[in-house]
Amino acid sequence: MSQPLPLISHLLELRTKLLRIVASVLLVFIALVYWANDIYHYMAIPLMQSLPASGTMIATDVAAPFFAPFKLTLVLSFFLAVPYILFQVWSFVAPGLYKHEKRLVVPLLVSSTLLFYLGICFAYYVVFPVVFGFFANVAPEGVQVATDISSYLDFVLKLFFAFGLAFEIPVAVVLLCWAGVTTPEDLRAKRPYIVVAAFVIGMLLTPPDIISQTMLAVPMLLLFEGGLLAARFYTKKDDEVEQQDINQ
């Protein structure tokens, strides 16, 4: 491990990393803002395809037609800049890590990014059609379905974050086992409780129907099993042995 830097040097380095992160998001946003309305239209396709022939989307706020696409583009810019953001975080903390810690961090950064993107894609292409189809079909007779564009944006962003975080389960399992909080064997013993918890979380994050609830719970359980497999190859005991070899 390299020699510790003075506090001021750490703060200056942190400021540089933060400025680079902000600049990366702004650059992506500037590149995308011209197509903000097109991006929002693409985001609204799952809802528009589920609405009845008379259904439509509306803007109840005067500035909503401008701010809703603007907000979506800004969030999308952050999502697209995540790999560079994580690289900046990695370059800041890497000098203070041991070799065995770096061996864990790099795969986790890459896998957590890919899993977050996978969760967003799963929500958009698989969950949204089911969710919005359910909402459109349960509307009482005589009720005109007209979704506000700002409310729709807030709803889909919440689902994006929910599914993106839910798909981080393998990373969480590996970290818990590496930190010594639990072991793969203990988690396997608690599998029945985890199955129940997955379906409860699916019930809370999706509409009250068994189909969409299962569509979130089943991937979470599969990802949990994947996390157990990955945790077998990197444990706290392995790190302690390696650290003793380094000290010797």
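The model is a predicted one, and its pLDDT averages 82 over the protein.

**Confidence and overall fold**

- A pLDDT of at least 70 is reached by 88% of the residues.
- Confidence is highest in α3, with a mean of 92, and lowest in helix α11 (residues 236-247), with a mean of 51.
- The protein contains eleven helices and two strands, and their order along the sequence is α-α-β-α-α-α-β-α-α-α-α-α-α.
- Of the 248 residues in the protein, 39% count as buried.
- When contacts between residues at least 6 apart in sequence are considered, 84% of them join residues at least 24 apart.

**The largest pocket**

- The volume of the largest pocket is about 370 Å³.
- Its lining is made up of 15 residues, and those that lie nearest the centre are M43, L76, F79, I120 and F160.
- Four helices each contribute at least two residues to this lining, namely α2 (36-50), α3 (64-80), α5 (99-137) and α6 (149-166).

**The second largest pocket**

- The second largest pocket has a volume of about 250 Å³.
- It is lined by 15 residues, with L86, L108, L109, S112 and T113 lying nearest its centre.
- Helices α4 (82-93) and α5 each provide at least two residues of the lining.
- By class, this lining holds twelve nonpolar residues, two polar residues and one charged residue.

**G119 in helix α5**

- G119 belongs to helix α5, and it counts as buried because its relative accessibility is 0%, below the 20% cut-off.
- Apart from neighbours within four places in sequence, G119 is in contact with F163, G164 and F167.
- G119 and A162 are separated by 43 residues in sequence, while their C-alpha atoms are 8.4 Å apart in space.

**K17 in helix α1**

- K17 is located in helix α1 and is classed as buried because its relative accessibility is 8%, under the limit of 20%.
- Leaving out residues up to four places away in sequence, K17 touches Q88, S91 and F92.

**Y34 between α1 and α2**

- Y34 lies in the loop that runs between α1 (7-32) and α2.
- Is Y34 buried or exposed? Y34 is exposed because its relative accessible area is 70%, which is over the 50% cut-off.
- Y34 and F70 are 36 residues apart in sequence, and the C-alpha to C-alpha distance between them is 9.8 Å.

**Cysteines**

- How many disulfides does the count come to? The count comes to zero.
- C121 is partly exposed, since its relative accessible area of 38% falls between the limits of 20% and 50%.
- C177, by contrast, is buried, with a relative accessible area of 4%.

How values were computed
Residues are numbered from 1 along each chain as its sequence is written. This is a predicted model: local features need pLDDT of at least 70, side-chain atom pairs count only at pLDDT 80 or more; totals for chains, interfaces and linings use all residues. Side-chain values use heavy atoms; hydrogens and water are left out. On a 1 Å grid over the protein atoms alone, a cavity is a set of points where a 1.4 Å probe fits but cannot get out, and a pocket is an open set with protein on both sides within 12 Å along at least five of seven lines; lining residues have an atom within 4 Å of a point. Grid points are joined across faces, edges and corners, and a volume is the space filled by probe spheres set on the points. Ala, Val, Leu, Ile, Met, Phe, Trp, Tyr, Cys and Pro count as nonpolar, Asp, Glu, Lys and Arg as charged, and the others, Gly among them, as polar. Buried means under 20% relative accessible area, exposed over 50%, partly exposed in between (1.4 Å probe, protein chains only). Contact means heavy atoms within 4.5 Å. pLDDT is the predictor's confidence in each residue, from 0 to 100. A disulfide is a pair of cysteine sulfur atoms within 2.5 Å.
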